[in-house]
Structure formats: C-alpha cells, structure tokens
Amino acid sequence: MKRSKLNAIFLATSGALMAFSANAIDNPGAHQHGHAELQVAVDGNQIDLIFTSPAYNLLGFEHRARTDDQKALVKETEEWLERTPLINTPDASCKVASAEVYHEAGDGSGDHHDHGSNGHDHHEHNEHEHSEGYGHSDFEVTQVLNCTGLASAEALLIPLTERFPEIEDLGVQWVWSGGQGSARLEHQERSFSLKSQ
Ligand SMILES: [Zn+2]
C-alpha cells in the first residue's frame with residue numbers, strides 16, 4: 001500500500017521516475033553488490049521512502065541465516081532499519097511514523113523453505129526463494145517519516161552509508177514540491193540537498 005502510494009507520487013511527477021522505480025524494485029537485474037537505491041517523496045513535513053539493497057551490503061551474506069550469530073545479525077539489522085529514519089534533517093527532527101522491512105535472509109515465517117536437518121546439504125540454488133538461481137536476495141525497506149524543518153533544511157542526512165560500509169554507492173532519487181532530483185552518494189558520503197537538481 002505504501003509502495004503504491006509512493007509510486008503514485010512518482011507517477012504524478014514523472015513517468016520516467018515511475019518506470020525506474022518499478023524497475024529497481026521488481027527487476028532482479030538491479031541486484032548489484034555494493035550498490036543500493038533510495039527513492040524519496042517529500043510532501044510537506046512527510047517523507048515516504050523506499051530503500052532497496054542486496055542483502056550482502058547489509059549482512060555480508062545472502063543465504064538464509066543459519067547460525068545463531070547470523071540470526072542475531074539479521075534481527076539487529078531489521079530492528080535498525082525499522083527504527084532509524086533513513087533520512088534526517090541536520091537537527092534530527094525526523095521520526096519514523098511507520099516502517100516495513102522485507103527480506104529473505106531471516107529464519108522466520110517461510111517454513112516451506114525449511115529443509116530440516118538436511119538443509120545445510122542443499123545448494124542455495126535449491127531454495128525456492130532464490131528464483132534467479134544464484135542465491136541472491138534483497139532487502140526492501142519502506143518508511144514514512146514525519147519531520148519538521150524539512151523545506152528549510154539546506155542538507156538532508158542519510159545514515160545508510162555509514163552504518164553499512166559495504167554500500168559503496170547509493171543512488172538517491174527524490175521528488176518534492178520544488179521538482180525532482182537525484183544524487184549518488186559514494187562510500188561514506190551521507191548528505192544531499194533537495195535543491196541540487
Ligand atoms: Zn547478491
């Protein structure tokens with residue numbers, strides 16, 4: 001639902017952005033280790049965003065979590081992605097109104113993926129969820145943020161490249177009342193301006 005709302009905003013602004021959005025999320029060809037995408041729609045004091053990344057960038061692996069350490073890492077990563085505004089103003093005024101994290105690396109609900117005690121004998125190709133056959137998996141995060149001072153902020157901060165050093169470049173696209181723009185944050189860069197078109 002949130003995705004369709006965000007897509008609607010992109011669609012209203014730019015058919016090309018809409019096409020890009022659908023492509024980045026639904027096309028597994030967009031999966032490239034070291035690269036991630038953040039799509040942002042700003043409306044007044046509200047931000048809707050979609051973050052998509054190969055699981056590798058966030059976890060260091062893409063198979064389903066097997067060891068306790070891996071499961072703990074998945075949980076910690078999930079919680080961070082749910083609680084941390086993925087965009088913020090310099091004075092940290094953004095609050096997460098809602099967030100959802102989708103991924104395939106957990107040990108959770110998909111029991112039909114569980115091969116039981118023999119699971120470790122299977123190649124990753126055999127796991128149903130890895131339909132491309134390479135064992136790749138992605139994270140997709142949607143957030144709705146409420147921020148104050150958004151329009152007047154000279155720069156907005158993105159904590160992702162600092163939190164996840166495996167993200168070597170982050171493509172950012174946004175639409176707001178002033179138009180649309182895009183930026184590419186290289187390793188460890190974390191700020192962009194809505195006004196830089
Ligand atoms: Zn991968």
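View A. With a relative accessible area of 44%, Ala 92 is partly exposed (buried means under 20% relative accessible area, exposed over 50%, partly exposed in between; 1.4 Å probe, protein chains only). Ala 92 is found in the loop between H4 and S3. Helices (H or I, at least four residues) and strands (E, at least two) are DSSP runs, numbered from the N terminus. The phi of Ala 92 is positive, about 55°, although Ala 92 is not a glycine. Most residues other than glycine have a negative phi.

The model is predicted: local features need pLDDT of at least 70, side-chain atom pairs count only at pLDDT 80 or more, and totals for chains, interfaces and linings use all residues. Residues are numbered from 1 along each chain as its sequence is written, and side-chain values use heavy atoms, with hydrogens and water left out.

**View B. Confidence along the chain.** The protein chain averages a pLDDT of 80, and 70% of the residues score at least 70. Here pLDDT is the predictor's confidence in each residue, from 0 to 100. Over residues 13-25 the pLDDT is below 50; this stretch has 23 contacts in the model beyond near neighbours in sequence (contact means heavy atoms within 4.5 Å). Residues 108-133 also stay under 50 in pLDDT. For them the model has 26 contacts beyond four places in sequence.

**View C. The zinc site.** His 31 (NE2), His 33 (NE2), Glu 62 (OE), Glu 62 (OE) and His 136 (ND1) coordinate the zinc ion at 1.7 to 2.8 Å. Donors are N, O and S atoms within 2.8 Å of the metal (3.2 Å for Na, K and Ca); water is not among the atoms, so sites may look incomplete. The donor residues are spaced H-x1-H-x28-E-x73-H in sequence. His 31 counts as buried at 15% relative accessibility. His 33, at 37%, counts as partly exposed.

**View D. The largest nonpolar core.** A nonpolar core is a set of buried Ala, Val, Leu, Ile, Met, Phe, Trp, Tyr and Cys residues joined through side-chain atoms within 4.5 Å. The largest has 38 residues; Leu 38, Phe 51, Leu 81, Ile 87, Leu 160 and Leu 170 touch the most other members. At least two residues each come from strand S1 (35-43), strand S2 (46-54), helix H3 (55-59), H4, strand S4 (138-146) and strand S6 (169-176). Not counting residues up to four places away in sequence, Ile 87 touches residues including Leu 38, Val 40, Leu 145 and Phe 192.

View E. Thr 84 sits in the loop between helix H4 (68-83) and strand S3 (95-103). Thr 84 counts as buried because its relative accessibility is 18%. Leaving out residues up to four places away in sequence, Thr 84 touches Val 96, Gln 143 and Pro 159.

**View F. Salt bridges.** A salt bridge is a side-chain nitrogen of Lys or Arg within 4 Å of a carboxyl oxygen of Asp or Glu; the count comes to 5. Arg 163 pairs with Glu 76, the closest N and O atoms being 3.6 Å apart. Arg 163 lies in helix H5 (residues 160-163) and Glu 76 in helix H4, so this pair ties together parts 87 residues apart in sequence. Lys 195 forms a salt bridge with Glu 154, with closest N and O atoms 3.4 Å apart. Lys 195 is in the segment after strand S8 (191-192), and Glu 154 in the loop between S4 and strand S5 (156-157). Glu 154 is exposed at 56%, whereas Lys 195 is partly exposed at 40%.
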